[in-house]
Amino acid sequence: MSEKSIEDLPGVGPTTAEKLKEAGYRDLMSLAVASPSDLAEVAEIGEGTAIKIINAARKEADIGGFETGDTILERRKLVGKLTSGAKALDDLLGGGFETQAISEVYGEFGSGKTQIAHQLAVTVQLPRKEGGLEGQVVMIDTENTFRPERILQMATAFDLDPKETLQNIRVARAFNSHHQMLLAEKIAEMAKDTPIRLVIVDSLTAHFRAEFVGRGALADRQQKLNTHMHNLLRIADIHNAVILVTNQVQAKPDTFFGDPTRPIGGHIVGHTATFRLYMRKSKGDKRIARLVDSPNLPDGEAVFSVTKDGIRD
Ligand code: GTP
Ligand code: MG
């Protein structure tokens, strides 16, 4: 992976670099996925220069080019599937949560998003023949809902060594959206010498939603979310990892017309996430997950339970 910083790009002098950083463009990836007009505006440069900077960043970050179908097929052969602990849910996902992709779990409070995050942090450590990926976990916790006690229960249920299981999970509290993005950028570094196979961001959108309020802040919020998602996707590709992000739902003003809830972050999150699971509460411990907009799987629903041992059929 490239070690270059944004100052190393042609066309980026100290002044431009400063302006870009102030606007949240701190690494090559953020520039690689930026739009020329946004960049031109924040850095006060011409659009031509902006395009040159973006192209240089894409080259350095090694994204945005064409690949042949067989190369992509070779990479797809490495795709792993991570079990959720519930067969019905795995089946809905075509065998489990896929590596090299972002899975978004969204739904109302108490629908089980954080429970799934905990469960995957345990199952990812299982041997492959048991549905795991024999890997370790990084969790970005924005709402202070990580509970080691819950991991202990779930690990014990799978006959894993509880202490070792906890040692394979690295958790960071993100204090705001800026910090959250920085933490995600750090994961690439960490993954160089640790087999990270699962990255969790719980919640992906809470800070963004709280900090970027009103119509005027929307473009800025979406641009930052876009960069953040692409950074995560890159980790998924390079390290053959599962990325799990959680998202809350917001009430639509026009609840009369169909589904009264929709995920926060709208199409930016939706287009970058490969799998989207909409979760809702049912009777007692039961939860219903619905697969929304998958590229190669039929839409459908699965019922599962949240139990003391974790996610189960
Ligand atoms: P928000 O983050 O608030 O949006 O909700 P969430 O979707 O993350 O909900 P979460 O995953 O935290 O689900 C919480 C629910 O899981 C609780 O209301 C319980 O119903 C269930 N739950 C949590 N721990 C246990 C447990 O140890 N046993 C059982 N049976 N259920 C549990
Ligand atoms: Mg939660």
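In this predicted model, an oxygen atom of ligand 1 sits 2.6 Å from an N or O atom in the side chain of glutamine 248. Taken alone, ligand 1 exposes 660 Å², and the protein buries 67% of that. Let's begin with the surroundings of this ligand and then move on to the rest of the chain.

**Around the ligand**

How many residues surround ligand 1? There are 17, and the closest are Gly110, Lys113, Thr114, Gln115 and Gln248.

| Residue | Part of the residue | Distance to an oxygen atom of ligand 1 |
|---|---|---|
| Glycine 110 | polar backbone atom | 2.8 Å |
| Glutamine 115 | backbone N or O atom | 2.8 Å |
| Glutamine 248 | side-chain N or O atom | 2.6 Å |

Sorted by class, the shell around ligand 1 holds 8 polar, 7 charged and 2 nonpolar residues. Which elements supply at least two residues each to the shell? They are α7 (113-123), α8 (148-157) and β12 (300-307). The largest share, 3 residues, comes from α7.

For a closer look, take isoleucine 116: setting aside neighbours within four places in sequence, isoleucine 116 is in contact with Leu89, Phe97, Leu244, Met279, Phe304 and Ile311.

**Two residues in loops**

Leucine 93 lies in the loop between α6 (87-92) and β2 (97-98). Is leucine 93 buried or exposed? Leucine 93 counts as buried because its relative accessibility is 1%, and the cut-off for buried is under 20%. Leaving out residues up to four places away in sequence, leucine 93 touches Phe275, Leu277, Leu291 and Leu297. The C-alpha atoms of leucine 93 and aspartate 299 are 9.5 Å apart, although 206 residues separate the two along the chain.

Another loop, between α12 (218-238) and β7 (242-247), holds histidine 239. Histidine 239 also counts as buried, because its relative accessibility is 17%. Beyond residues up to four places away in sequence, histidine 239 touches Ala188, Ala191, Lys192, Ile196 and Arg197.

Most residues other than glycine have a negative phi, and most peptide bonds are trans. Where does this model have a cis peptide bond? A cis bond joins aspartate 202 and serine 203, with omega at about 5°. Serine 203 is placed in the loop between β6 (196-202) and α11 (206-211).

Positive phi values come up too. Glutamine 100, in the loop between β2 and β3 (101-107), has a phi near 60°, a positive value in a residue other than glycine. Glutamine 100 is buried, with a relative accessible area of 11%. Glutamate 134 is not a glycine either, yet its phi is positive at about 50°. You can find glutamate 134 in the loop between α7 and β4 (136-141).

Notes. Residues numbered from 1 in each chain as written. Chains lettered and ligands numbered in written order. Predicted model: local features only at pLDDT ≥ 70, side-chain atom pairs only at ≥ 80, totals over all residues. Heavy atoms only, no water. Helix = DSSP H or I, 4+ residues; strand = E, 2+ residues; numbered from the N terminus. Buried < 20%, exposed > 50% of the residue type's maximum accessible area, 1.4 Å probe, protein only. Contact = heavy atoms within 4.5 Å. Near = heavy atom within 4 Å. Polar contact = N/O pair within 3.5 Å; in protein donor to acceptor, adjacent residues only side chain to side chain. Areas by Shrake-Rupley, 256 points an atom, 1.4 Å probe, with all protein chains shown as cover. Nonpolar A, V, L, I, M, F, W, Y, C, P; charged D, E, K, R; others polar.
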